[in-house]
Amino acid sequence: MKKMISRRNFLKAAGAVSAAGVLAACGSSSNSTAASTGSSTAGSTTASASGGKVYYLNFKPEQDEAWQNLAAAYTESTGVPVTVVTAAANQYETTLMSEMEKSEAPTLFQVNGPVGLANWKDYCYDLSGSALYGELTSDSFALKDGDAVPAIAYVIETYGIIYNKELLTAAGYAQEDINSFATLKAAADDIQARKDELGIQGAFTSAGMDSSSDWRFKTHLANLPIYYEYKADGISSTPAIKGTYLDNYKQIFDLYITDSTCDPTVLASKTGNDAVSEFVNKQAVFYQNGTWAYTDIKDLGDDNLGMLPIYIGVDGEENQGLCTGSENYWCVNNNSSEEDIQATLDFIYWCVSSEEGTAAMADDMGFVIPFKKAKAPTNPLNAIADEYVAEGKTPVDWCFSTMPSEEWKNMLGSALTAYAAGTGTWDDVVSAFVDNWATEYQLANG
Amino acid sequence: MQKTISKYWPVFVLPTLLAFIIGFIWPFIWGVYLSFQRFTTVSKTTFVGLDNYIRVFQDETFTHAFWFTAAFTVVSTILINVFAFAIALVLTRGIRGTNLFRTVYFMPNLIGGILLGYIWQILLNGVLANLGKPLLALDEHYGFIGLVILMCWQQIGYMMIIYIAGLQSVPNDLIEAAKIDGATSREILFKIKVPLVMPSITICTFLTLTNSFKLFDQNVALTGGEPSNLSEMLALNIYSTFYGRSGAQWKGIGQAKAVVFFLIVVVISLVQLRFTRSKEVQS
């Protein structure tokens with residue numbers, strides 16, 4: 001009898017397909033898609049005397065258009081070709097990895113802090129002698145490797161508890177009433193108890209533990225106990241965290257998940273968009289996030305937005321301000337040619353010092369940049385952050401950039417999710433925080 | 001005629017061969033080479049010997065992922081093939097609406113894995129929340145069951161089509177002869193139909209086995225490895241080692257894992273092929 005399917009040939013084909021699949025899984029230099037490519041070659045025919053060119057691999061998709069415009073403007077005035085490519089969201093590392101292989105590799109790229117720098121420090125040009133470094137308002141915005149300066153922060157961001165002024169006033173509270181964890185909890189508990197009367201669903205937006213939102217807790221909220229521990233111990237990073245302030249971490253997380261719009265057991269599937277929509281639709285008063293979230297929530301009206309520091313119940317926290325720092329650091333590729341490096345240094349210096357550059361960064365991109373000639377941005381959340389500093393409140397540093405690895409954050413996120421849902425205990429969170437820190441630190445640096 | 005073919009063979013073979021070398025052989029050699037290196041970009045590498053392989057076997061998440069994947073493969077291969085064969089039997093009986101049912105059962109296979117993963121995540125989380133059980137991201141057992149349900153739903157239709165083709169090729173005279181000899185329908189199934197569709201069974205088990213073992217999309221979308229990497233399968237484990245970890249040493253380890261993974265898949269599929277093939281008969 002004749003077989004219906006020629007088995008042997010079929011299997012061969014299937015074998016090849018499956019083997020190719022395996023290889024795709026090992027794909028080391030597989031192509032990653034860049035969200036958009038734009039090149040301003042207007043002046044490339046009349047390239048400047050030095051002959052250098054700039055290739056910037058941009059991290060922030062929201063600002064892609066603004067960067068393209070700024071690059072075109074620079075090319076027009078100087079004749080130096082500037083290419084800006086923006087990596088698709090969450091694809092920066094993979095895009096960078098494959099772009100760096102090319103002969104026309106990015107001359108300017110970015111890392112997210114000391115841990116990200118560990119990956120790329122062999123590729124970073126020492127910026128210590130650069131004009132850009134001289135423009136920095138504070139040395140703390142540069143990443144250092146011994147005496148060398150491999151990376152410099154170019155945007156400063158701030159986060160805290162964003163609140164809806166109208167709803168808070170309706171509930172009978174004002175920003176001045178809340179200056180510690182105790183007062184925050186009292187207000188939140190009261191609002192939660194009267195939620196039907198106030199026409200809301202909860203004091204805090206859902207603390208979603210989906211990956212689109214869990215970084216607000218496993219990274220940003222976790223920053224506070226780390227900050228206070230570093231401060232108490234007088235250190236700026238550590239191979240083994242002690243977890244001195246984990247009880248405070250528990251307090252604030254408990255508050256988030258109890259005085260909330262939803263039951264803690266469903267948090268595992270709540271997303272970042274859920275929290276945004278609850279906040280924008282006036283179903284909740286408090287929403288932990290930062291200045292970058294402004295575009296999502298601006299429909300509430302600028303006057304209606306306020307920001308509170310994240311109080312966790314530490315002594316002296318009345319003077320605590322918002323959390324301000326950066327996880328966007330510029331690095332110049334040291335494998336590029338001399339001319340390209342020089343062109344890149346000139347370009348970034350121009351961006352942060354010229355009138356046109358600073359205006360574009362402030363108005364079009366909405367960035368607060370840590371450079372002397374910076375122009376104040378229009379984002380009202382940044383203005384609020386400035387007010388806290390003007391009042392003499394101490395900003396909280398972004399210590400989360402010293403967290404040992406992404407894996408550490410993920411494990412902490414899992415433990416928090418399980419704790420919120422009741423399938424895990426707080427001890428698991430403590431172990432994910434303390435024990436896993438040492439383990440991951442060893443793995444990353446061992 | 002024979003001469004012309006032997007003269008022009010390169011025209012037919014070379015393009016494919018070239019594609020095979022570029023798309024398969026060359027990356028494979030690079031992959032193996034890189035598994036002995038420490039690197040961030042593949043143009044700057046340092047030789048580290050067997051270090052990466054040693055780290056692979058010290059990595060508990062990898063061994064856990066292996067056993068999780070193995071368990072998943074066994075369960076889903078059996079379930080998918082049993083159900084697909086059963087449905088194929090029903091749909092070759094000539095009942096009304098057979099074609100409609102075949103189309104409907106086949107359709108899930110046309111939807112991409114990531115999409116299915118997210119859809120089923122919403123569905124299953126809805127069910128679990130109503131039952132008051134922990135959600136998928138909180139309990140790896142539910143994650144496991146969810147993955148099995150998802151894969152069955154997606155793959156049964158495809159395997160069913162292959163089984164239908166196999167069953168239709170069983171000659172009617174054999175079945176009639178068996179009936180005249182007084183064979184029960186059970187005997188006809190196990191003594192005549194199953195041995196004769198063995199080639200289909202070989203193909204289907206091969207496909208389900210390797211698909212399950214290499215499962216990635218559905219795993220990412222449905223559970224994402226949660227909680228704490230406990231529902232992470234091998235392919236996802238390799239991916240997160242390579243891309244999720246920062247530090248130059250992890251790239252090489254991820255690469256070494258991929259090579260180990262490749263060997264496992266090859267060995268398992270060869271053993272399976274040999275086994276099912278030995279059961280094949282000619283009518």
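Some conventions come first. The model is predicted, so local features need pLDDT of at least 70 and side-chain atom pairs count only at pLDDT 80 or more, whereas totals for chains, interfaces and linings use all residues. Residues are numbered from 1 along each chain as its sequence is written, chains are lettered from A and ligands numbered from 1 in the order in which they are written, and side-chain values use heavy atoms, without hydrogens and water.

Let me begin with chain B. Chain B holds 12 helices and 2 strands; these are DSSP runs, with helices (H or I) of at least four residues and strands (E) of at least two, numbered from the N terminus. Read from the N terminus, the order is α-β-β-α-α-α-α-α-α-α-α-α-α-α. Along the principal axes, the C-alpha atoms of chain B fill a box of roughly 75 × 75 × 30 Å. Of the 283 residues in chain B, 48% are buried, meaning under 20% relative accessible area with a 1.4 Å probe, protein chains only. Contact means heavy atoms within 4.5 Å. Among the contacts in chain B with a separation of 6 or more, 71% are between residues 24 or more positions apart.

One residue of chain B deserves attention. Asn81(B) is found in helix H3, residues 60-90. Is Asn81(B) buried or exposed? Asn81(B) has a relative accessible area of 8% and is therefore buried. The side chains of Asn81(B) and Thr208(B) are joined by a polar contact of 3.1 Å; such a contact is a pair of N or O atoms within 3.5 Å, where within protein one must be able to donate a hydrogen and the other to accept it, and residues adjacent in sequence count only if both atoms are side-chain atoms. Leaving aside residues up to four places away in sequence, Asn81(B) touches Tyr163(B), Cys204(B), Thr205(B) and Thr208(B).

I turn now to the nonpolar cores, sets of buried Ala, Val, Leu, Ile, Met, Phe, Trp, Tyr and Cys residues joined through side-chain atoms within 4.5 Å. The largest has 78 residues, of which Phe286(A) and Phe433(A) touch the most other members. Helix H11 of chain A, residues 246-258, gives the most to this core, with 7 residues. Beyond four places in sequence, the residues touched by Phe433(A) include Tyr249(A), Trp408(A) and Leu412(A).

Finally, Asn436(A) lies in helix H19 of chain A, residues 435-445. Asn436(A) counts as buried because its relative accessibility is 15%.

Methods. Buried means under 20% relative accessible area, exposed over 50%, partly exposed in between (1.4 Å probe, protein chains only).
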